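Reader: I'm new to this one. Can you walk me through it, a bit at a time?

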Amino acid sequence: MRNSIYMMLIGMICMSCNDDFVSTQPLEEVPEDVVWADAALAEAFLFEIYNGFGVGGFYEQQMASLTDEALFTHPGRGINTVTEARSNDANQGYILETYRFDLVYTRIRATNIAIANLQEPKFDNPDLVNQLLGEAYFLRAYYYQQLLRQYGAVPLVDVVYELGSERYTKKRNTFEECVNFIVDDCDSATLLLDGVARVDGRANEVAALALKARVLTYAASDLYDNATAKSKSSLLNGYKTPEYIGYTDGDRTERWRRAKMASKAVLDHTEYRYKLDLAAPEEPEDGQANYMAIAMGGGSSMADGEGKKDLILGRFFIDLKDERGGWVGRDNGPNGYHNWAGNTPTQLLVDDYEMIDGSKFSWENTVHEAAPYEDRDPRFYATILYDGADWKPRADDVKGRDPYNQIQTGQYEVGSGSGTKRVQHGLDTRNSPVEDWNGSYTGYYYRKFTDADPAMEDQNTRQSVPWPVLRYTETILNYVEACIELGEEAEARLWLSKIRYRVGMPAVEDSGEALKARYRNERRVELAYEEHRFFDARRWMIASETLGRKVTTIKIEGKLKPGREVAIYKYDTENYDYRYTVNTIDPGIENRTWNDKMYFTSFHRDEINRNTELEQNPGY
């Protein structure tokens with residue numbers, strides 16, 4: 001026993017005298033001075049900042065369900081707090097993590113660290129230093145843009161606060177200062193990234209130009225021009241610091257000119273154009289295929305890989321990482337395929353897809369009413385799964401019920417049209433004999449961004465479809481909007497028609513307010529489910545008549561024609577007469593309304609308590 005104690009004491013003395021032991025570095029951490037002295041580690045630091053993109057918009061609860069694009073099927077997750085205008089500073093409701101105040105500022109701090117260290121590089125690779133510094137400026141601009149369009153003006157922090165700093169509170173900068181700061185960062189990124197090759201998932205010069213174009217388009221919009229906003233919303237009239245939510249003076253026409261010039265700088269990069277040189281509309285089937293190719297972003301063998309050209313910056317997913325972005329099909333697909341029916345298209349959106357000849361769809365038109373899914377804009381078929389739509393093979397346990405592989409969201413008679421028959425609920429309804437808990441309330445399912453490869457029918461099969469952070473076509477639409485606002489209607493019609501020809505739709509011939517309405521609807525359907533509608537309806541200040549509408553749904557009934565017999569149901573107008581009835585969603589599921597306070601998201605009470613100079617937006 002005495003010898004054991006002696007040996008322990010000797011060991012402790014040796015360890016206490018061993019400098020290497022007490023100075024051992026944690027194996028999972030790298031000292032900051034080492035990171036910025038090593039090119040590979042510095043690049044890895046930048047890569048981690050991109051993780052602030054999250055999974056893009058491919059969360060189980062998508063921003064589409066905060067708008068008139070979709071209804072979220074599963075309750076109790078904060079979405080109704082937003083759609084029913086109950087958001088407040090204690091309960092903001094659902095906010096994607098890519099817009100959350102605290103999480104985004106964490107990423108901004110990381111960009112500030114990178115910028116500070118790369119301005120005086122400690123490794124010898126000037127080209128890489130410029131690229132990483134350019135990406136850091138882009139990322140800081142991107143994250144501030146996320147905050148600006150969600151909350152209005154925010155405090156601009158461009159230094160790295162350390163423990164022991166004199167203060168941790170900071171007033172909000174003005175809206176104009178925020179815009180200028182973001183634009184300056186985009187300009188810096190553009191210069192530093194000039195000539196940098198296009199690489200999946202990383203920013204380049206064109207990404208910086210596209211982000212600048214988006215920010216300046218927003219900045220010129222109604223909501224951010226105080227005079228215009230006040231004329232449209234009495235809530236904003238009494239706000240004591242209007243400079244936080246828009247421009248209080250200045251030349252709005254000049255703001256539109258700047259937005260147009262910024263967008264044109266992107267349009268000049270013709271290498272991003274995908275089938276935009278057509279002289280006439282594509283055939284409808286080709287138009288649908290073109291739109292699917294863009295949506296797939298090169299991530300599906302079932303679509304033209306060239307469609308990836310339109311993707312300026314994407315969030316890509318790989319099988320080695322269990323990222324939610326790979327599960328978008330499972331999260332939103334039909335319950336009859338053992339999927340989860342998360343964000344389901346509304347009838348409101350379906351009704352906004354034009355007819356193939358460019359005329360408006362109307363339930364008052366008897367031809368449209370009898371066959372509402374025929375002869376529509378080809379983007380409709382590439383975006384939405386509807387009753388009777390052809391889809392993938394069913395899972396093995398369901399194939400016998402539907403050997404035809406068609407979406408079933410109605411109720412249908414089976415048996416004999418002149419004898420014994422019964423009513424059968426569709427396999428993709430909430431009364432489905434497959435799964436009755438994951439069915440759509442609206443009668444529709446999500447198709448866009450879903451890989452059509454039959455091998456993907458299993459809900460446990462991951463996709464490789466990227467999320468579009470920035471698209472070339474978005475910038476075309478930004479350019480068109482600026483042209484309309486500047487009275488350059490011929491140029492606006494030219495570029496709108498290019499987009500429409502690609503998808504099989506006729507040229508635009510409208511002018512005046514009709515042209516603006518056509519443009520806004522074009523943007524609605526072209527950018528559906530890409531997180532634009534939430535902000536577009538706000539910046540145009542049309543939310544009360546769009547986002548505030550009650551969700552509408554479809555009821556479909558198939559009745560056997562006399563003398564017809566059907567044992568296994570299939571959509572077939574030879575055997576069935578179909579009736580379509582539009583309904584309003586049960587208010588117990590969701591009771592949408594609009595309040596002008598929702599034009600800006602409130603700062604959470606905790607953030608205001610942390611920063612007592614963070615003044616709340618009007619209405620909260």
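Predicted model: local features only at pLDDT ≥ 70, side-chain atom pairs only at ≥ 80, totals over all residues.

Reader: What does glutamate 557 form a salt bridge with?

Author: With arginine 579. The closest N and O atoms are 2.7 Å apart.

Reader: How many salt bridges does the structure hold?

Author: It holds 48. Another one joins the side chains of arginine 471 and aspartate 310, at 2.6 Å from N to O.

Reader: How many residues apart are those two?

Author: 161 residues. Arginine 471 belongs to strand β8, residues 467–471. Aspartate 310 is in the loop between α12 (284–296) and β2 (311–315).

Reader: Is that pair buried or exposed?

Author: Arginine 471 is buried, at 5% relative accessibility. Aspartate 310 is buried too, at 1%.

Reader: Why do aspartate 185 and arginine 140 count as buried?

Author: Buried means under 20% relative accessible area. Aspartate 185 has 4%, so it counts as buried. Arginine 140 has 6%, so it counts as buried as well.

Reader: New topic. How do helices α18 and α19 cross?

Author: Their axes come within 11 Å and cross at roughly 35°. Helix α18 covers residues 489–502, and helix α19 covers 512–526. The crossing is left-handed.

Reader: Which residues meet there?

Author: From α18, they are Glu489, Ala492, Arg493, Leu496, Ile499, Arg500 and Arg502. From α19, they are Gly512, Leu515, Arg518, Tyr519, Glu522 and Glu526.

Reader: How many are nonpolar, polar and charged?

Author: By class, the contact has 5 nonpolar, 1 polar and 7 charged residues.

Reader: Which other residue has a positive phi?

Author: Aspartate 375 is one of them, with a phi of about 60°, and it is not a glycine. Aspartate 375 lies in the loop between α15 (366–370) and α16 (378–383). At 52% relative accessibility, aspartate 375 counts as exposed.

Reader: Back to tyrosine 529. What touches it?

Author: Alanine 64 does. Alanine 64 also touches Glu69 and Ala70, leaving out residues up to four places away in sequence. Alanine 64 lies in the loop between α4 and β1, and it is buried at 5% relative accessibility.

Reader: How far apart are alanine 64 and glutamate 530?

Author: In sequence, 466 residues. In space, 7.8 Å from C-alpha to C-alpha.

Reader: What else is in the loop between α4 and β1?

Author: Glutamate 60 lies there; α4 is 39–49 and β1 is 70–72. Glutamate 60 is buried, with a relative accessible area of 13%. Its side chain makes a polar contact with the side chain of arginine 77, at 3.0 Å.

Reader: Which residues is glutamate 60 in contact with?

Author: Leaving aside neighbours within four places in sequence, they are Phe72, His74, Arg77, Arg324, Asp331, Trp340 and Asn343.

Reader: Last stop. Where does threonine 573 lie?

Author: In the loop between β10 (565–566) and β11. Threonine 573 is partly exposed, with a relative accessible area of 39%. Beyond neighbours within four places in sequence, threonine 573 is in contact with Lys561 and Tyr578. The C-alpha atoms of threonine 573 and lysine 561 are separated by 9.2 Å, and the two are 12 residues apart along the chain.

How values were computed: Residues numbered from 1 in each chain as written. Heavy atoms only, no water. Axes fitted to C-alpha atoms, helices over the stretch in contact; angles between N-to-C directions. Helix = DSSP H or I, 4+ residues; strand = E, 2+ residues; numbered from the N terminus. Left-handed = near helix turned anticlockwise from the far one by under 90°. Contact = heavy atoms within 4.5 Å. Nonpolar A, V, L, I, M, F, W, Y, C, P; charged D, E, K, R; others polar. Salt bridge = Lys/Arg side-chain N within 4 Å of Asp/Glu carboxyl O. Buried < 20%, exposed > 50% of the residue type's maximum accessible area, 1.4 Å probe, protein only. Polar contact = N/O pair within 3.5 Å; in protein donor to acceptor, adjacent residues only side chain to side chain.
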